[in-house]
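Dear colleague,

Please find the structure below, together with its sequence. My notes on the model follow directly after it.

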Amino acid sequence: MTFSSCTDLSKKPEKLPKTEQYEKLIGKWKLINSNFLPFKHPSFCEKLEKLELNSIFEFDEYGILKVYQKGKTKRNCNELQAFWIEKNELVLFDAHVGFRYEIIKLTSDSLRIKTEQVPLHIIENENMNEKLKFIEKNGIILTFEKIKNVRQHRV
């Protein structure tokens, strides 16, 4: 499955292929560890500028990602985002913008991904150079644990 800048995300998407990678990925994932907090998940939603531990990423079988700032939050804080897997990358598409996470590890209960997205709050911080060098050298590594399998049915 691929999307382009002309993709209409408002149309009913097709189910993802039934591959081992997608079977493992589909579900709700809670952020349990990161080498850099808070981190940024790209979206038009400003609240995603500072995500912390216990943030939730929910991947559904139709290729839609919902992000929740905290585990108990009932409403997702990101705009409509599509996702798919290409080799060792998790590709996300938000309206007209695409971005990628490197998949370091994906099992049925553990997900580790890496991004080099620099959070805006770092640029505004006086210790910017040190933090930018850290991200440039290491990236931001996010470790999730699966908390619930999600099978949503759209009408």
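In these notes, a residue is buried if its relative accessible area is under 20%, exposed if that area is over 50%, and partly exposed in between, with a 1.4 Å probe and protein chains only. This is a predicted model, in which local features need pLDDT of at least 70 and side-chain atom pairs count only at pLDDT 80 or more, while totals for chains, interfaces and linings use all residues. Residues are numbered from 1 along each chain as its sequence is written, and side-chain values use heavy atoms, with hydrogens and water left out.

Overall architecture

The protein has three helices and eight strands; these are DSSP runs numbered from the N terminus, with helices being H or I of at least four residues and strands E of at least two. Their order from the N terminus is α-β-β-β-β-β-β-β-α-α-β. Of the 155 residues in the protein, 41% are buried. Among contacts (heavy atoms within 4.5 Å) with a separation of 6 or more, 59% join residues 24 or more positions apart.

Aromatic residues

The whole structure contains five aromatic pairs. Rings of Phe, Tyr and Trp (its six-membered ring) pair if their centres lie within 6.5 Å; planes under 30 degrees apart count as stacked, over 60 as edge-to-face and the rest as tilted.

One of the pairs is Phe36 with Phe134, which is stacked, at 6.0 Å centre to centre and 25° between the planes. This pair links distant parts of the chain, 98 residues apart: Phe36 is in the loop between β1 (27–34) and β2 (56–59), and Phe134 is in helix α3 (residues 128–138). Phe36 counts as buried because its relative accessibility is 9%, whereas Phe134, at 29%, counts as partly exposed.

Phe57 and Phe144 form a tilted pair, with 4.9 Å centre to centre and 50° between the planes. Here too distant parts of the chain are linked, since Phe57 in strand β2 and Phe144 in strand β8 (residues 140–148) are 87 residues apart. Phe57 is buried at 0% relative accessibility, and Phe144 is buried at 1%. Together with Phe59 and Phe83, Phe57 and Phe144 form one aromatic cluster.

Glu102

Glu102 belongs to strand β6 (residues 97–106) and, with 33% relative accessibility, counts as partly exposed. Beyond its neighbours within four places in sequence, Glu102 contacts Asn88, Arg112, Ile113 and Lys114. The C-alpha atoms of Glu102 and Thr115 are 6.6 Å apart, although 13 residues separate the two along the chain.

With kind regards
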